[in-house]
Amino acid sequence: MPLGSLRPSPLVEQATEHLREQITQGEWPVGTRLPGENALAKTLGVGRSTVREALRALAGAGLVQARQGSGVYVIATEPAEDWPARLRRAAITDVYEVRVMVETRAARLAAERRTEEDVAALEAALAARHAAATGSDAGNDAAFVDADIALHAAVVAAAGNPVLTDLFAEFAPVLRERLIDLVELLGLREHDPDPEHASHAALVDAVRRGDGPAAEAVLQAELEQTLAHLRARA
């Protein structure tokens, strides 16, 4: 399968796609050393900088690896699945188990590190959660779940660790989708439109007071209860 010359734009994307096809279609098996940058540039009709960017993209996809002083080698014929895609495919119980570990530790850190601004954000998020549960839009399960996740996000933010914040942000879309299903299918709001309000209020209070063990314990109990519902559904 000849590579063929490329159209003028977008060159990097085209070069990446052409090289990816060579790899995924078996023209360059695993272990093969790719032609050098000069050779690839000449074949594709582009500059070396374009080839270099294309190779970086392929490395990011887990298809090739540069070896110092040796060249670039094919290490896989299928792109590595990105993290958001893996989360979407994962069982919700697996995602939730990790959520329990991440958030309970975040709650303890939040109590130890919270600022006045963090406390204000938590109180506002708690009030918004209650309003979503009991206000004019009380029957909207999606709105309630969004408000619930926003409160939990505020707790994680109060921990003052940007990596934790980013990690929770990766979980949030998957959690939202599955929790809406859980609330609807199990009718969790039929008898109480604001389930677990007391425990969420206790969580905010523990963070406000700077009581890390209490914040961790309250959140652990709440999340474990939801996890039990998820396992029963699985």
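Predicted model: local features only at pLDDT ≥ 70, side-chain atom pairs only at ≥ 80, totals over all residues.

Student: Why are helix 9 and helix 10 called roughly antiparallel?

Tutor: Helix 9 (residues 197–209) and helix 10 (residues 212–233) pack at an angle of about 160°, with axes 8 Å apart. Angles under 35 degrees count as roughly parallel, over 145 as roughly antiparallel, 65 to 115 as roughly perpendicular and the rest as oblique. Helix 9 and helix 10 are therefore roughly antiparallel.

Student: What makes the residues of helix 9 and helix 10 a contact?

Tutor: Contact means heavy atoms within 4.5 Å. Among the residues that meet are Leu 203 and Val 207 in helix 9, and Val 218 and Leu 219 in helix 10. The residues of this contact between helix 9 and helix 10 comprise 8 nonpolar, 2 polar and 2 charged. Here Ala, Val, Leu, Ile, Met, Phe, Trp, Tyr, Cys and Pro count as nonpolar, Asp, Glu, Lys and Arg as charged, and the others, Gly among them, as polar.

Student: Why are helix 8 and helix 10 described with another word, roughly perpendicular?

Tutor: Their axes come within 11 Å and cross at roughly 75°. Helix 8 and helix 10 are therefore roughly perpendicular. The contact of helix 8 with helix 10 has 5 nonpolar, 2 polar and 3 charged residues.

Student: What makes a group of residues a nonpolar core?

Tutor: Such a core is a set of buried Ala, Val, Leu, Ile, Met, Phe, Trp, Tyr and Cys residues joined through side-chain atoms within 4.5 Å. The largest has 41 residues, and those with the most contacts inside it include Tyr 96, Leu 203 and Ala 215. A second, separate core of 19 residues includes Ile 23 and Leu 44. Tyr 96 touches Leu 175 and Leu 230, among others, not counting residues up to four places away in sequence.

Student: How do you know whether Glu 78 is buried or exposed?

Tutor: Buried means under 20% relative accessible area, exposed over 50%, and partly exposed in between (1.4 Å probe, protein chains only). Glu 78 has a relative accessible area of 55%, and is therefore exposed. Glu 78 lies in the loop between strand 2 (71–74) and helix 4 (83–89).

Definitions and conventions: Residues numbered from 1 in each chain as written. Heavy atoms only, no water. Axes fitted to C-alpha atoms, helices over the stretch in contact; angles between N-to-C directions. Helix = DSSP H or I, 4+ residues; strand = E, 2+ residues; numbered from the N terminus.
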